[in-house]
Amino acid sequence: MTNSLDDAAEAFAEVRPRLFGIAYRVLGSSAEAEDVVQDAWLRWQAYDRETVRDPVGFLVTTTTRLAINVGQSARSRRELYVGPWLPEPVDTSADPALGAERGEALEMAMLMLLERLSPTQRAAYVLREAFDYPYDQIAEVIQSTEANARQLVSRARKQLATEQPERVDAAEHRRLLTAFLAAAQAGDLAALEELLAADVISYSDGGGLARATKFPVLGRDHVSKFVRAFHTRFWTNATITWVEANGRAAVLLQRDGTSYALVTLSASPNGVDHLLWMLNPEKLAVITAAVTTEP
């Protein structure tokens, strides 16, 4: 039971990383997740807290339901998005699991797959796989039955397993990204083709605010030629900073002190299967601020 506003603030601060971690995974947007967490705080402030026996449960439930609501409206907004939509990258160097029990449902390629699920199904999957919530609690949060919660998570697992092949470990991921950067900067077509899986897909998110291809580029031959085609201008005078974005290595590119791209990839034992180019300046703001404020 939490009575005073100071007690309320303390209880909220303790669970805030978890609240953000849930909202971010459901929404794939740091800005939207922050708005949801702020809304949860306002509701917590205004609520009759003497009636709340479990503050953490109350806050997780409130945040998750708010995120589901935002996710439902975000789906229609993203249909109007200019070009491919990628999740907004977040810095995870200080919190590799981003407030969770496990670092599941956090990599950018996985968040893209989660977008194909309904917001309620995403929430159920996230609560189970990343935060290890029991099914009866998940059911209460999403206002469903325990059997339905189990079914939602099971279907999500099957769908994601079909579309997401085995991932390489963090060390191999970094090695592949290092090799890709060298090949991309040199425009080395043979080296690029050796790194890329046959069915690789390259996504560039400019959001209409930065120059970017408006369609995914598919296949090893097309992607390698695509990367080589702009290598002379894209990497010129770039300051390259290694960062940890969404639990994996990535590079932040800056020119004259301004961030213009975050580049990362995902890979299976067959090679690099996704190249992800975040070019939208609005989506680069959060991770740029995190990197530039680190000691």
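Is Arg-248 buried or exposed in this model? At 15% relative accessibility, Arg-248 counts as buried (buried means under 20% relative accessible area, exposed over 50%, partly exposed in between, with a 1.4 Å probe and protein chains only). The model is predicted, so local features need pLDDT of at least 70 and side-chain atom pairs count only at pLDDT 80 or more, while totals for chains, interfaces and linings use all residues. Residues are numbered from 1 along each chain as its sequence is written, and side-chain values use heavy atoms, with hydrogens and water left out.

Arg-248 is placed in strand β4, residues 248–255. Helices (H or I, at least four residues) and strands (E, at least two) are DSSP runs numbered from the N terminus. The side chain of Arg-248 makes a polar contact of 3.5 Å with that of Glu-107. A polar contact is a pair of N or O atoms within 3.5 Å; within protein, one must be able to donate a hydrogen and the other to accept it, and residues adjacent in sequence count only if both atoms are side-chain atoms. Beyond its neighbours within four places in sequence, Arg-248 is in contact with Glu-107, Val-168, Asp-169, Ala-170, His-173 and Val-243. Contact here means heavy atoms within 4.5 Å.

Salt bridges were examined next. Side chains of opposite charge can pair when their charged atoms come close. A salt bridge is a side-chain nitrogen of Lys or Arg within 4 Å of a carboxyl oxygen of Asp or Glu. The whole structure holds 14 salt bridges. One of them joins Arg-78 to Glu-32, at 2.9 Å from N to O. Arg-78 belongs to helix α3 and Glu-32 to helix α2 (residues 30–46), so this pair ties together parts that are 46 residues apart in sequence. Arg-78 is buried, at 16% relative accessibility. Glu-32 is also buried, at 16%. The pair is part of a salt-bridge network that links Glu-32, Arg-77, Arg-78 and Glu-115.

Asp-39 is partly exposed, with a relative accessible area of 29%. Arg-43 is partly exposed too, at 46%.

Glu-129 and Arg-157 form a further salt bridge, with 2.6 Å from N to O. Glu-129 sits in helix α5 (residues 119–129) and Arg-157 in helix α7, so the pair ties together parts that are 28 residues apart in sequence. Glu-129 is buried at 15% relative accessibility. Arg-157 is partly exposed at 35%.

The axes of α5 and α7 are 9 Å apart and meet at an angle of about 90 degrees. That makes α5 roughly perpendicular to α7. Axes are lines fitted to C-alpha atoms, for helices over the stretch in contact, and angles run from 0 to 180 degrees between N-to-C directions. Angles under 35 degrees count as roughly parallel, over 145 as roughly antiparallel, 65 to 115 as roughly perpendicular and the rest as oblique. From α5, Thr-120, Gln-121, Ala-124, Tyr-125, Arg-128 and Glu-129 take part. They meet Leu-152, Val-153, Arg-155, Ala-156, Arg-157 and Leu-160 of α7. The residues of this contact divide into six nonpolar, two polar and four charged. Ala, Val, Leu, Ile, Met, Phe, Trp, Tyr, Cys and Pro count as nonpolar, Asp, Glu, Lys and Arg as charged, and the others, Gly among them, as polar.

Helix α5 is mostly covered, with nine of its 11 residues buried. Among the buried residues are Arg-122, Tyr-125 and Leu-127. Their cover includes α1 (5–27), α3, α4, α6 and α7.

Arg-65 lies in helix α3. Arg-65 is partly exposed, with a relative accessible area of 29%. Leaving aside neighbours within four places in sequence, Arg-65 is in contact with Glu-140, Val-141 and Gln-143. A polar atom of the Arg-65 side chain lies 2.9 Å from the backbone oxygen of Glu-140.

Gln-143 has a positive phi of about 60 degrees, although it is not a glycine. Gln-143 lies in the loop between α6 (135–141) and α7 (146–163), and is exposed at 61%. Ala-105, not a glycine either, has a positive phi of about 55 degrees. Ala-105 lies in the loop between α3 (55–79) and α4 (108–114), and is buried at 5% relative accessibility.
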